[in-house]
Amino acid sequence: MNNIGCSGADCSVIHRERMEEARSALKNIKAISELTAFFKSFADDTRLRIMIVLDSVEEMCVNDIAVALDMTKSAISHQLSYLKDCGLLKSRKEGKVVFYSLMDNHVKLALEMGVEHVGHKEEIQ
């Protein structure tokens, strides 16, 4: 056993092949900070509620989202801007009205998988 990469900690490699596979997996993820930001976007109740609403109806304007969530347009606009900057939403303008929708099927699947997982957790408890 040796202390490769332990920075003086009291750990040593027990299963070298697994450890090397684990390190390799981390090297293959080039954008860990982007992935962190992606999941962080799901960690806010308002943002999550917006995404759930948009998943159910495909697209909505700020006013309708605000009414659906019983919140102010300002609060909704702030969160929509954040989600759009994170690449989770897209928008299109029709006259003076801006419609928002989930960016793509990846966002939709991540959201739906999370909802399914939470439901599954409740079933097994």
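**Close-up views of a predicted model**

Helices α3 and α5 are roughly perpendicular to each other. This holds for a predicted model.

**View 1. Helix α3 packs against helix α5.** The two helices cover residues 45–57 (α3) and residues 73–85 (α5). Their axes are 10 Å apart and meet at an angle of about 80 degrees. This angle counts as roughly perpendicular because it falls in the range of 65 to 115 degrees. On the α3 side, the contact is made by Thr46, Arg47, Ile50 and Met51. On the α5 side, Ile76, Gln79, Leu80, Tyr82 and Leu83 take part. By type, the residues of this contact divide into six nonpolar, two polar and one charged.

**View 2. Arg47 meets the ring of Tyr82.** Arg47 belongs to the α3 side of the helix contact, and Tyr82 to the α5 side. The charged end of Arg47 sits over the Tyr82 ring, at 4.1 Å from the ring centre.

**View 3. Three phenylalanines form one aromatic cluster.** The members of the cluster are Phe38, Phe39 and Phe42. In the structure there are two aromatic pairs. One of them joins Phe38 and Phe39, with 5.2 Å from centre to centre and 80 degrees between the planes. How is this pair arranged, stacked or edge-to-face? The pair of Phe38 and Phe39 is edge-to-face, because planes over 60 degrees apart are given that name. Is Phe39 buried or exposed? Phe39 has a relative accessibility of 52% and so counts as exposed, since the limit for exposed is over 50%.

**View 4. Arg92 lies in strand β2.** Strand β2 spans residues 89–94. Arg92 has 34% relative accessibility and therefore counts as partly exposed. Leaving aside residues up to four places away in sequence, which residues does Arg92 touch? Arg92 touches Glu59, Val97, Val98 and Phe99. Cys61 is 31 residues away from Arg92 along the chain, and the C-alpha atoms of these two residues are separated by 9.6 Å.

**View 5. The whole protein chain gives the setting for the close-ups.** The protein chain contains six helices and three strands. Starting at the N terminus, the order of the elements is α-α-α-β-α-α-β-β-α. Of the 125 residues in the chain, 24% are buried. Among contacts with a separation of 6 or more, 44% are between residues 24 or more positions apart.

Notes. Residues numbered from 1 in each chain as written. Predicted model: local features only at pLDDT ≥ 70, side-chain atom pairs only at ≥ 80, totals over all residues. Heavy atoms only, no water. Phe/Tyr/Trp six-rings, centres within 6.5 Å; stacked < 30°, edge-to-face > 60°. Buried < 20%, exposed > 50% of the residue type's maximum accessible area, 1.4 Å probe, protein only. Lys NZ or Arg CZ within 6 Å of the ring centre and 35° of its normal. Axes fitted to C-alpha atoms, helices over the stretch in contact; angles between N-to-C directions. Helix = DSSP H or I, 4+ residues; strand = E, 2+ residues; numbered from the N terminus. Parallel < 35°, antiparallel > 145°, perpendicular 65-115°, else oblique. Contact = heavy atoms within 4.5 Å. Nonpolar A, V, L, I, M, F, W, Y, C, P; charged D, E, K, R; others polar.
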